[in-house]
Amino acid sequence: AVVGLGLTGLCAVRFLLRHNITPHVYDSRENPNLSEQQQALLEPLQSHFGPFGDEQFKPYDYVIVSPGISLATPALANARRVNDNVFCDVELFARLNTKPVLAVTGSNGKSTVVAWLEHVLNAIGKKAVACGNYGVPVLDVLEQDFDVYILELSSFQLESTNSLECKAATVLNVSEDHMDRYDSLEHYSIAKSKIYLHAQTCLYNH
């Protein structure tokens, strides 16, 4: 299942179809604002629009969730209790990627740092691309000919990302943000810190 048909979800659908996997697609909106091209992409698929049932995603082997949808949503929380494969596009990227990754998160300044890293690396002859929460979705560039991926990651993406291996990773800063999704600043900080899980070099803000 692909849950959420924003930029990330539609990218996941395209990626799966390229690999001859036909997902069921879900969006909590009754009438998602889709272009004609996007509607044509989804037309052959089994699509469900509107509120999710609490047991909606339990039957699926894999559930790819857009970062804009909280994992605390009952349908997703229930699925996660019985299934380790409920995650965002970045986790799918991480499970398949073989190229070096630099990863950046933080409450502020992520996009500036990621754009700067992309510029510098390309200037010294590396074929680098900024992707993730900034630039292009990770699954759109996974199979392209790049030397290094520079990922901007939100706390929402990091919540369900456990396999990402980074050459270097950093949390630039943490301040109160997205408190509608988190119980506390500590809970938010813990989500951000997951970027260090499998990083060879960890850069910390002192």
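The model discussed here is predicted.

Q: What radius of gyration does the protein have, against that of a compact globule?
A: For 206 residues, a compact globule would have a radius of gyration near 17 Å. The value for the protein agrees with this: 17 Å.

Q: What percentage of the 206 residues is buried?
A: A residue is buried when its relative accessible area is under 20%. Of the 206 residues in the protein, those that are buried make up 49%.

Q: What share of the contacts with a separation of 6 or more joins residues 24 or more positions apart?
A: A contact needs heavy atoms within 4.5 Å. Among contacts with a separation of 6 or more, residues 24 or more positions apart account for 60%.

Q: How many disulfides does the structure hold?
A: A disulfide needs two cysteine sulfur atoms within 2.5 Å. For C11, the nearest cysteine sulfur is that of C131, 10 Å away, and C11 is in no disulfide. C131 is likewise in no disulfide. The number of disulfides in the structure is zero.

Q: Is C11 buried or exposed?
A: The cut-off for a buried residue is under 20% relative accessible area. C11 has 0% relative accessibility, so C11 counts as buried.

How values were computed: Residues numbered from 1 in each chain as written. Predicted model: local features only at pLDDT ≥ 70, side-chain atom pairs only at ≥ 80, totals over all residues. Heavy atoms only, no water. Rg over C-alpha atoms; globule rule 2.2 N^0.38 Å. Buried < 20%, exposed > 50% of the residue type's maximum accessible area, 1.4 Å probe, protein only.
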